[in-house]
Every structure is written in C-alpha cells, then in structure tokens.
Amino acid sequence: MTPWQPVLLSNVNRPNSERITTYMAHGGYEALRKALNMAPAAVIAEVKASGLRGRGGAGFPTGVKWGFIAQDAPVKYLAVNTDEGEPGTFKDRLIVERDPHSILEGVIISAYAVGAHRAFVYIRGEFFLGVKRWIKAIADAYQHGFLGKDILGSGFDLDVSVHRGAGAYICGEETAMIESLEGKRGEPRLKPPYPAQIGMWDQPTIVQNVETLANIRHIIGRGAAWYASIGTEQSKGPKIFCVSGHVNRPGNYELPLGTPLREIIYEHAGGVRMGRRIKAIIPGGVSTPILPPDKLDVPMAFETLAAAGSALGTGAIVVMDETTDMVEAIRRITSFFVHESCGICVPCRIGGVRLLETLETIGAGKGTLADLERLDYLSRSISGLTFCPMGTGMCEPIASGINLFRSEFDARVAA
Amino acid sequence: MNVTDIQPSGVRIVDPAKEAMLLSALYIAQEREGVLTPEAIARVAERLGLEPGQVYSVASFYTLFRMQPTGRYLIQVCDGLSCYLCGGANQVVDYISAKIGIGPGETTPDGRFSLEKVQCLASCGTAPAMRINDDLYENLTPATIDAILERLQGEV
Ligand SMILES: Cc1cc2nc3c(=O)[nH]c(=O)nc-3n(C[C@H](O)[C@H](O)[C@H](O)COP(=O)(O)O)c2cc1C
Ligand code: FES
C-alpha cells in the first residue's frame, strides 16, 4: 500500500504556511469558489454523502447536523470550536497556528450551506499565537473578498469574529461555549434542545470543531465519493492522531480512519521508548476508556473502538509503558476533571472530589479495600447521571483502569 | 464590516448585546492593571450596564481572570498526564522551585516570579511544557529551563 499523503496537514510544513498567499498558491479558496456555484442544499448533500463525522469528540455526522437547521429560520449562526483542552490533544492548535485558512475556507463553505451570515470563532484563551493567527487570517480573507458582503460576487454575506475563552475546559462543550460567547459563566445547557435547534441568543447554531471544518474544502474540492473511499464503513476520511506519552516520536500524524493503533504507535510514532512494553493506551483523549495492549490491533475508527470498549474521542493517543504507575496516572487524570468541573451538578462537583480524595489515599499507600469499593460505588453514582457528558467522561479512565489494573490497585491497599 | 474593527486584544465586538462583551471587557480591564481589582470590576459593570456581582460571578468562573496579583513572570508548568509521562510535571516544578526558591502558588519576594501548576497546554507532543506569561516553552530540559530563567532574571 502506498503511504498516506497528508490532506489536512498538507500545508503545515511549508514556509509561511499561515499566510493567505501561501495558502492560495496551493489551491486555497478554490473549493469556496466551487461551493458558491452550487446550491446550498447541494453542498449539504455532498457533506452528508461524504460520511464526515465531527472530530471534536462526539463524532456526530456533520451533514446530518446541518440538515437539522430550520430552513426558514431568519437568523442562523455558526460557531467554530477552537477550545481544544482535552488532555492529550494538540491537533487543533497545530492547524490554527499553521494553516488557519484551511479552517476558514471550511467556515465560509459551511456558513453558506446552512445560511448563516455570522460566524463566531471561539478560541481557548491560552492559545496566544492561535488568537493572532485567527485574527490575521480573517482580516486577510476580508481583504481578498472571501468574507464580508457579496463574497466573490455570489450575493452571499458572511462576517466572522474571534472570541477568546478565558481558561475553562468545559467551554469546549458546545452549549457551555455558547453561554461563554454570550458573556456568561461557561455552564452547559440542558440538551435537547440541541444548538442546531436553539443556540446562541436562541437562534439555530451549528457548532463545529476546527479539524472537522478543515475537511470541508477537500470534500467539496475533490468530491464526496473520493472522501468516502477513505476510511472504514462508518468512519470516513483522514484523521489527525495526536500521539504522546512513552513513544519515541510523539506528534500529530494524519492517517486514514481505520489505521490500526499498532501501526500508528510503532510505525509512525517510532515505537515505545527504550524498547519497553506497553502497559496501557488511552485512544481518544482522557475522557475515553483505557485499553490494554492486547487491543493494539484495533483499527482507529468510531465503530471499532466502540466494539473494543473505548471510543475514538479526539483521536489523542496516550501511550503508557510497563513502568507507569497506573494509580498515579489515573489520579492525575481525575485531578484534571475535578479542577475543570463547572460545579452546577452534584455528581460531578462532589463526586469528583470524593474520587480524587480516594485515589490520593490509595496512591499514598493509606487505602483499604473499602476505598477501592468506594471508587466503584462513586463512579457508578456519577457515570451517566451528570448534567453534561463531562462527569461521565471523568469516570471512564477510572472504571476501565481499575478493571484492567486491579492487581496494581490491590497491591496498594491494605486488606 | 471593517478590518479595523478587530481589536488588538483579540476580540472584535460584534453584537449590541452588552453582556456578550463581558469577557473581552474583562480582558481589557485586566490588561491594564495585570489583575482584576474590585474597582476594575465595578468599572466594567458600569460601562456594560451590568451588576458588579454578575461581572464578578463571570470573572471568577475563568482561570485566566486573576483576582490576585502575580509576579512579573507567571511560570505555569503543565501538570498533565503526557507531561508527567515524559518526565515533566513534578520534576519541572521541583527543578524550578529549587532554582527560584518558591513553591507552586507562591511569588518570589522581589515580585519577579510566580509559580503555578496548570492543566494540559495542548503541547503533549512536545512535552514537557510550560508557559511564562504569553510564551510557550516546549521539550523542556534542565538546560533550557536554566537558560530561560537566567534570561528572565536579567531582564530589567
Ligand atoms: C466536556 C466537553 C469538552 C469538550 N471540548 C471540546 C473542545 O475543546 N473542542 C471541540 O471541538 N469539541 C469539544 N467538545 C465537543 C463539543 O461539545 C461538540 O460536540 C463539538 O464541538 C461539535 O463539533 P464537531 O461535530 O465538529 O466535532 C467537548 C465536549 C464535552 C462534553
Ligand atoms: S499534558 Fe502537558 S501539554 Fe498536554
């Protein structure tokens, strides 16, 4: 098989890759021209046919989401999720910093498809360079007539603005992001209604991850049939896998969905440091269940990871070798969630603190079997019972970790 | 729409709803004083026609809005899983602590440095990582940390 030629990351290593001139010299904004000559419904149909699913973690089919927007709604919004905060994930930052126009072209095409004339870019407050790159890209796009009134003579208008978050992981959750964009505390809203029905200022709002949007120009440019020929049955197209932890070459690797985990770790990321054996793998960011090394041959796709007992999540692969202290690794993940809990629901706010305390006790060698039972009881009282998916995500590494590494936990507690 | 509508602070105010301007207003207020004082919060509230309590409530939700002053250089070391696995996190914090003589959550007596542990910086592929004010430092080693701290010690 010929090696995969990057599509999403084809520009990022060029000199001055972030500039509009570089982008346009390599086919940039051609897909926009093409899309503006299509009917909006045809653009939606093309994205639907491509099989593209969201890259922000939930994997919802993008074209289907666009179809939910009420055609007759007078005002519709598009919100661009650049809040990337799921530990282990560092792909969105790369695209925003090195190839912001590839996202922006997707933003304009998407807004045209759903009939939005206003798009809001929400970016994680800590992404200082990313903020600058977004602002510059948007300013240059205005100057070239890709934004503003009557874009490329099509009669379509679109304004885009950049909004900085201010340090809150939960604002990556789409409804919390909308609250934050409205100038409020980033506390999630109850779903349904989904943002596509009632979003920003109660108007239908499409929220999309930046990697998802970076796919759009390729789907329109090369066609849905080409796109759908990449990947597996239910997971189409290329995906950026972020590999970190105990590997020789950590980094972002763009590969077709369905690439086996083993190939990503051993061929692309250079294998495990010092030739050690793998003890555990987090396949999709810290909200996804931990996998044992006997699952290394799982294809990295939505359906296959679900069957293996985990999830594709953001595609952030964290590799832990045989020397890893799993109690400490899981404690560390839990401490992240406890820090980031927005606090509106009790299972996540209080349950998280209790989980962390218990893990700290066990980690310090002061735990008993009752503490292990408490972890189990607490996860069952949190998982599936929180206001938003974050609290449930918090339990995934704990439940799977104890299940897989029970003997390590047992060895740390007094009988 | 005009390109000049884009503010240097990173936020272009697009909606007449005053509330939606709150985060950007807080950034501007904080940029000026380095910290959000009660007076700054009251001023923001007045300018946007909001209650000071509401402004405080929103500001207190977000970690980047700071109610307590910090040193001139705020060193934020990633405490995330991937940085921990790559020998970062604890080791980097301990190393810096030993060098500048303060622990996490503290500020040096001369007000030059504050030290903090923070969540994943989205630099896991270039771990260990830390941020000092607006600058990101990746693939940290004792030698690179020494060089960074020495440079900042020397800044007048
Ligand atoms: C706690 C939490 C945090 C999230 N953080 C992000 C994020 O940082 N970036 C992102 O794109 N999606 C994030 N999501 C997913 C969004 O809610 C939403 O599904 C996504 O932005 C939709 O875009 P997509 O369909 O293109 O993936 C998060 C979800 C949850 C529950
Ligand atoms: S864990 Fe340190 S940057 Fe992600």
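Arg332(A) forms a salt bridge with Asp79(B), with the closest N and O atoms 2.8 Å apart; a salt bridge is taken here as a side-chain nitrogen of Lys or Arg within 4 Å of a carboxyl oxygen of Asp or Glu. The structure is a predicted model, in which local features need pLDDT of at least 70 and side-chain atom pairs count only at pLDDT 80 or more, whereas totals for chains, interfaces and linings use all residues. Residues are numbered from 1 along each chain as its sequence is written, chains are lettered from A and ligands numbered from 1 in the order in which they are written, and side-chain values use heavy atoms, with hydrogens and water left out.

Across the interface of chain B and chain A, two salt bridges are found, together with 18 residue pairs in polar contact, both residues being at pLDDT 80 or more. A polar contact is a pair of N or O atoms within 3.5 Å; within protein, one must be able to donate a hydrogen and the other to accept it, and residues adjacent in sequence count only if both atoms are side-chain atoms. On the side of chain B that touches chain A, the elements giving two or more residues are helix H1 (22–33), helix H3 (52–61) and helix H4 (81–85). Helices (H or I, at least four residues) and strands (E, at least two) are DSSP runs, numbered from the N terminus.

In the interface, 45 residues of chain B are in contact (heavy atoms within 4.5 Å) with 63 residues of chain A. The two chains bury about 4100 Å² between them, 60% of it on carbon and sulfur atoms; buried area is the accessible area (1.4 Å probe) that two parts lose on being put together, summed over both. Within chain B, Phe61(B), Leu81(B) and Gln119(B) lose the most area to chain A, together 16% of what that side buries.

The largest nonpolar core has 71 residues, and those with the most contacts inside it are Phe409(A), Leu26(B), Tyr62(B), Phe65(B) and Leu81(B). Such a core is a set of buried Ala, Val, Leu, Ile, Met, Phe, Trp, Tyr and Cys residues joined through side-chain atoms within 4.5 Å, where buried means under 20% relative accessible area, exposed over 50% and partly exposed in between (1.4 Å probe, protein chains only). Helix H13 (residues 326–340) of chain A gives the most to this core, with seven residues. Apart from its neighbours within four places in sequence, Leu81(B) is in contact with Ile282(A), Val286(A), Val318(A), Ala329(A), Arg332(A) and Ile333(A). A second, separate core of 65 residues includes Leu36(A), Val80(A), Val96(A) and Trp134(A).

Chain B contains six helices and four strands. Of its 156 residues, 54% count as buried.

Over all chains the structure holds 30 salt bridges. Asp92(A) pairs with Lys91(A) in one of these, at 2.8 Å between the closest N and O atoms, and both residues are buried. Lys91(A), Asp92(A), Glu211(A) and Lys239(A) are linked in a network of salt bridges. A further salt bridge joins the side chains of Glu322(A) and Arg277(A) (3.3 Å, N to O). Glu322(A) lies in the loop between strand S8 (316–321) and H13 of chain A, and Arg277(A) in the loop between helix H11 (261–268) and strand S7 (278–282), so the pair ties together parts that are 45 residues apart in sequence. Glu322(A) is partly exposed, at 34% relative accessible area, while Arg277(A) counts as exposed at 61%.
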